[in-house]
Amino acid sequence: MHWTLIEWIGTIFALSGSAIMANKKINHIWAWIAWLVSSILFMTLFQKTNQWGMFFMNLFGFLITSLGLLQWSKKSPTNPLIMNGFYYISLIGIFLCFILITIFLIEPNIKTIEWFGSIMAISAQALLASKHKKFYYCWIFWLIGNASLAILTYYTRQWGVFTLQMSFTIINTYGFWFWIIKKNGHRYLDKDLTHIP
């Protein structure tokens with residue numbers, strides 16, 4: 001099996017999903033489908049390379065994405081159990097990231113960066129999947145998590161994953177601008193969540 005090819009195909013699917021989710025022109029269901037495919041490809045890659053933080057991120061991401069697909073589906077109403085569950089998972093993840101920052105400051109280690117970026121990205125994805133009224137903060141958490149993973153993969157010379165994380169960082173910057181700054185964040189989204197595609 002050609003692992004570099006899997007890395008790049010997973011990258012293309014993941015970026016496609018993020019680009020779809022960052023704007024409102026394409027049905028967001030396609031973003032969740034692209035992320036499911038990407039997660040499967042990256043789980044096989046990171047299992048092979050023994051990068052368990054990145055593997056965990058994609059395994060947990062696959063589970064979150066599956067439920068996020070259900071939550072964002074127009075055919076089903078927002079499930080309050082999924083919404084609250086994922087919202088609290090994201091808060092727990094952010095708390096864990098503060099602990100990881102403390103650990104890194106005491107004893108710098110590349111694995112700590114891997115786990116920090118992975119848990120931050122999972123927290124962002126859980127917040128988005130929740131469809132909670134504060135879901136748009138996911139763009140800030142993704143920005144931090146993906147920038148951390150970009151630094152990590154640059155260091156480890158995994159160019160496909162580095163390209164993915166740098167591109168995510170750029171897309172997340174756009175998502176932050178579009179969902180929080182351009183649309184006036186709270187005023188726009190809290191009133192108009194029913195019109196999200």
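How many helices and how many strands does the secondary structure of the chain come to? I counted eight helices and zero strands, taking both as DSSP runs numbered from the N terminus (helices H or I, at least four residues; strands E, at least two). From the N terminus on, I read the order as α-α-α-α-α-α-α-α.

A note on my source: this is a predicted model, where local features need pLDDT of at least 70 and side-chain atom pairs count only at pLDDT 80 or more, while totals for chains, interfaces and linings use all residues. Residues are numbered from 1 along each chain as its sequence is written, and side-chain values use heavy atoms, with hydrogens and water left out.

**Whole chain.** I found that 49% of the 197 residues are buried, meaning under 20% relative accessible area with a 1.4 Å probe, protein chains only. The chain exposes about 10000 Å² by the Shrake-Rupley method, and carbon and sulfur atoms supply 72% of that area. I then looked at contacts (heavy atoms within 4.5 Å). Of those between residues at least 6 apart in sequence, 70% join residues at least 24 apart.

**Helix α2.** I checked the span of α2, residues 29–48. After α2 comes N50, with a positive phi near 60°.

**G117.** I located G117 in helix α5, residues 110–130. G117 counts as buried because its relative accessibility is 0%. Leaving out residues up to four places away in sequence, G117 touches G145, S148 and L149. The C-alpha atoms of G117 and L149 are 5.4 Å apart, although 32 residues separate the two along the chain.

Conventions: Expected span 1.5 Å × (residues − 1). Buried < 20%, exposed > 50% of the residue type's maximum accessible area, 1.4 Å probe, protein only. Areas by Shrake-Rupley, 256 points an atom, 1.4 Å probe, with all protein chains shown as cover.
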